[in-house]
Amino acid sequence: MMPECFQTWERLGREVGTELYRNTGLLSVNGPPYQDFTLRSESLRVMGKPCELPTVGEICQRHPGFSFGPEHKAFVDPNGGVLRADSCLRALQTMFVKQGGVIKENEKVLEIIPGEHVVIVTSRGRYTAKSVVLTPGAWASKMLRPLGIDPPLKVTQIKVCYWPERQPGAFGNYPCFYYLSEKYETYGLPCDDHSGLVKVCNHHGDDLQGPDQQNQVQYSHQIETLKSFIREHVPGLMPEPSLVENCLYTHTPDEDIILDRHPDHPNIVIGCGFSGHGFKLAPAVGRILSELATGTTPSYDISPMSLKRFPNNGRLAAKL
């Protein structure tokens, strides 16, 4: 799905006159025992994309803000980069409205009534449609259970931290990076929205009972782990974040997403469980969801994303 997404993000950026994707390259550094990049290299080769396998010494010489020992292995994807998320959302909304769409914001969904025509009751109105697409994010379980389905979803909270550069502007030309070892799994990327700061986060967070709990739990140990990582491997940053935000991931057990029709109401289409890697796939996901909603054969094999991979097709278990 990614080749289509690269092309669509680029085309959307041209249409709205805004650069949506910043090609910084992606540096992956792995410590023992995660040092085999064969699968990733082969995936890029199949896509016709180049890659590099520099030594960590070359990486640290090229980017002195990093520090990695000889036990590490490095991999560079020159095509990697970062999507400007706020600009992407504005661009999608602009084109949606331009093509006749209507955006309704700040309306809480109170009830979804299945039928030949689906009725959506919100805090501000009542809507009827031949088909609907539900993409409720971390609120998926809360929305889907009244419809009789309950796929195994887990909500986690990630602390999104922004770290100041020791030398202002030093990380301006650095690549995005992903680090994996027995001790850490983190990622980082340049931050255009906050000048002089670099976004560095843990890739995994802590479980929440529900998304409404996110502002009640601090999870300071996540930040302490990141401080330790910064001191060990990114000494070019100050080991104290200037800004901390929350981000919610909604995970499936296999980390694959859910794109499917409701097993009992095929005019209700569901997209959820993106497991922290859904945003970049939005163009292809949008195509698939629209195809499901209009009865068109999906452009991709979505069987790995089906509700059928869960017990009872994801239906809510009957209470005895």
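Contact here means heavy atoms within 4.5 Å. I note that this is a predicted model, in which local features need pLDDT of at least 70, side-chain atom pairs count only at pLDDT 80 or more, and totals for chains, interfaces and linings use all residues. Residues are numbered from 1 along each chain as its sequence is written, and side-chain values use heavy atoms, with hydrogens and water left out.

**Entry 1: Phe 229 and the cores**

I started with Phe 229. Leaving out residues up to four places away in sequence, Phe 229 touches Phe 177, Tyr 179, Tyr 184, Thr 186, Val 200 and Val 234.

Then I looked up the nonpolar cores, which are sets of buried Ala, Val, Leu, Ile, Met, Phe, Trp, Tyr and Cys residues joined through side-chain atoms within 4.5 Å. Buried means under 20% relative accessible area, exposed over 50%, partly exposed in between (1.4 Å probe, protein chains only). The largest core has 24 residues, and Phe 229 is among those touching the most other members, along with Leu 27, Phe 66, Phe 68, Val 200, Val 234 and Leu 237. Elements that each supply at least two residues include β2 (26-30), β12 (197-202) and α6 (220-233). Helices (H or I, at least four residues) and strands (E, at least two) are DSSP runs, numbered from the N terminus. The largest share of this core, four residues, is from α6. I also found a second, separate core of 19 residues, with Leu 12, Cys 88, Met 95 and Val 269 among them.

**Entry 2: Ile 258**

Next I checked Ile 258, in strand β15 (residues 258-261). Its relative accessibility is 0%, so Ile 258 counts as buried. Its contacts, not counting residues up to four places away in sequence, include Pro 151, Leu 153, Ile 270, Met 305 and Phe 310. From Ile 258 to Cys 88 I get 170 residues in sequence and 22 Å in space, C-alpha to C-alpha.

**Entry 3: a sheet**

I looked at an open sheet of three strands, in the order β5-β6-β7, with antiparallel pairing. Two strands pair if DSSP finds at least two bridges between them. β5 (109-113) and β7 (126-129) are at the edges with a single partner strand each, so one side of each has no neighbour in the sheet. β6 (residues 118-122) and β7 pair over four bridges, and Ile 120 stands opposite Tyr 127 in β7.

**Entry 4: linings**

Which strand gives the most to the lining of the largest cavity? I found that β11 (residues 185-190) does, with three residues.
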